[in-house]
Amino acid sequence: MGDHGIYVWSVYAIGLIFLGAIGTYPHMALRRLKRRRREDKEQR
């Protein structure tokens with residue numbers, strides 16, 4: 001890698017963070033939606 005090592009590893013790190021965010025966001029949104037629906041049912 002030579003002089004490009006810092007660039008390459010930082011891009012890997014940013015990519016992994018991005019992929020992790022893409023993977024967790026839908027899971028968190030689904031949990032939030034289920035919680036809201038459960039709260040709405042309890043209020044009725």
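Lys and Arg count as positive and Asp and Glu as negative, while His and the chain ends are not counted. Each charge is placed at NZ of Lys, CZ of Arg, CG of Asp or CD of Glu. On that basis, the mean positions of the 9 positive and 4 negative charges of the protein chain are 9 Å apart. This is a predicted model: local features need pLDDT of at least 70, side-chain atom pairs count only at pLDDT 80 or more, and totals for chains, interfaces and linings use all residues. Residues are numbered from 1 along each chain as its sequence is written, and side-chain values use heavy atoms, with hydrogens and water left out.

**Overall build**

- The protein chain has 1 helix and 0 strands. Helices (H or I, at least four residues) and strands (E, at least two) are DSSP runs, numbered from the N terminus.
- Helix H1 covers residues 5-43.
- The C-alpha trace of the protein chain spans about 65 × 10 × 5 Å along its principal axes.
- Of the 44 residues in the protein chain, 2% are buried. Buried means under 20% relative accessible area, exposed means over 50%, and partly exposed is in between (1.4 Å probe, protein chains only).
- The protein chain exposes about 4600 Å². Carbon and sulfur atoms supply 63% of that area. Accessible areas come from the Shrake-Rupley method with a 1.4 Å probe; for residues, only the protein chains shown count as cover.

**Surface patches**

- Patches are made of residues with over 30% relative accessible area and no salt bridge. Like charges are joined within 9 Å, and nonpolar side chains (Val, Leu, Ile, Met, Phe, Trp, Tyr) within 5 Å.
- A salt bridge is a side-chain nitrogen of Lys or Arg within 4 Å of a carboxyl oxygen of Asp or Glu.
- Arg-31, Arg-35, Arg-36 and Arg-38 form a positive surface patch. Arg-35 sits in helix H1. Arg-35 counts as partly exposed because its relative accessibility is 38%.
- Leu-16, Phe-18, Leu-19 and Ile-22 make a nonpolar surface patch of about 450 Å². Phe-18 lies in helix H1. Its relative accessible area is 54%, so Phe-18 is exposed.

**The aromatic pair**

- A pair of aromatic rings is described by the distance of the centres and the angle of the planes.
- Rings of Phe, Tyr and Trp (its six-membered ring) pair if their centres lie within 6.5 Å. Planes under 30 degrees apart count as stacked, over 60 as edge-to-face and the rest as tilted.
- This rule gives 1 aromatic pair. The ring centres of Trp-9 and Tyr-12 are 5.4 Å apart and their planes are at 40°, so the pair is tilted.
- Trp-9 and Tyr-12 are separated by about one helical turn, because they are 3 residues apart in helix H1. Both Trp-9 and Tyr-12 are exposed.

**Distances along the chain**

- Leu-33 is in helix H1. With a relative accessible area of 45%, Leu-33 is partly exposed. The C-alpha atoms of Leu-33 and Asp-3 are separated by 47 Å, and these residues are 30 apart along the chain.
- Ile-17 also has its place in helix H1. Ile-17 counts as exposed, at 62% relative accessibility. From Ile-17 to Lys-34, 17 residues apart along the chain, the C-alpha separation is 26 Å.
- Glu-39 belongs to helix H1. Glu-39 counts as partly exposed, at 41% relative accessibility. Glu-39 and Met-28 are 11 residues apart along the chain, and their C-alpha atoms are separated by 17 Å.
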